[in-house]
Amino acid sequence: MKGFDLLGVYSARLMEPGEQVVSGHRACQGCGEVLAMRLIHKELGPNTVTCSATGCMEIISSSYPDTAWAIPWLHVAFENAAAVASGAESGYKALRRKGKLPAHLADKKITFVGMGGDGATADIGLQALSGALERGHDMVYVCYDNEAYMNTGIQRSSSTPFGASTTTSPAGKKSIGQQTWKKNVTEIAAAHRIPYAATASPSFPFDLMAKARRAAETPGPAYLHVYSACPTGWRPASDLAIELGRLAVQTASFPIYEIFDGNRVKV
């Protein structure tokens with residue numbers, strides 16, 4: 001994409017051709033998460049290596065013997081996507097420094113991506129994410145936040161909002177549902193003094209893609225926290241993912257903003 005204005009909006013409302021997440025995946029109908037994954041990788045382009053934690057996006061995109069990925073992609077454990085992405089980035093730098101890269105890769109900018117859901121990011125993988133950010137690896141970490149462990153049965157995570165009903169925090173006569181407040185992983189990431197962190201939603205696709213590009217172009221670690229409506233876990237109609245994401249931003253239940261070197265900018 002070219003021609004962003006100061007707000008990161010592409011005035012012509014056009015996208016470059018080419019897809020890195022292609023047909024053949026098995027996402028649920030109306031899944032906001034797979035849309036976000038597609039938009040982000042469409043913007044990052046073919047020179048991308050993605051390390052994916054166990055979760056919805058891994059399950060739906062890599063059913064053996066098929067794949068929905070047109071780029072190098074690694075399925076890694078639930079807890080270590082950030083560690084593997086940082087290792088891939090370090091290995092690439094070492095090969096380039098030693099002159100051992102193939103000629104066609106020697107001068108190319110390769111974007112290394114670690115990604116996971118809110119469970120793999122806010123809970124199980126938080127230590128690996130913290131370590132990668134603290135070490136300063138040149139990589140992008142993306143959390144696709146559908147606010148529960150949807151792949152394993154809609155159990156609550158630390159990203160589940162207060163009062164929400166899940167299979168392990170059911171709302172009813174004896175419980176209000178989730179009894180803790182949503183963990184703000186974006187602020188935790190920014191507290192590592194990384195150069196770029198942002199929140200986004202596929203309901204605002206050009207904003208999401210602009211932030212993905214800025215994250216990739218920023219030297220050092222970058223963090224994207226992406227709100228991902230889940231018809232299966234949230235139980236709305238399958239055609240409401242975009243509308244729900246838009247309402248979440250407009251009502252400030254999920255504000256979208258950017259943090260540059262510790263300075264927050266509302267978008």
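Predicted model: local features only at pLDDT ≥ 70, side-chain atom pairs only at ≥ 80, totals over all residues.
Although Glu 147 is not a glycine, its phi is positive, at about 70 degrees. Its relative accessibility is 10%, so Glu 147 counts as buried.

## Another positive phi

Ala 252 is a residue other than glycine with a positive phi, near 65 degrees. To find Ala 252, look in the loop between helix 9 (241–250) and strand 7 (257–260). Is Ala 252 buried or exposed? With a relative accessible area of 51%, Ala 252 is exposed.

## A cis peptide bond

Next, have a look at the backbone between Tyr 64 and Pro 65, which are joined by a cis peptide bond with omega at about 10 degrees. Pro 65 sits in the loop between helix 2 (56–61) and strand 2 (73–76). As background, most peptide bonds are trans.

How many disulfides does a search of the whole structure find? Cys 143 is in no disulfide, and the nearest cysteine sulfur, in Cys 56, is 12 Å away. Cys 143 counts as buried because its relative accessibility is 1%.

The cut-off for a disulfide is a pair of cysteine sulfur atoms within 2.5 Å. Cys 230 is buried too, with a relative accessible area of 10%.

Definitions and conventions. Residues numbered from 1 in each chain as written. Heavy atoms only, no water. Buried < 20%, exposed > 50% of the residue type's maximum accessible area, 1.4 Å probe, protein only. Helix = DSSP H or I, 4+ residues; strand = E, 2+ residues; numbered from the N terminus.
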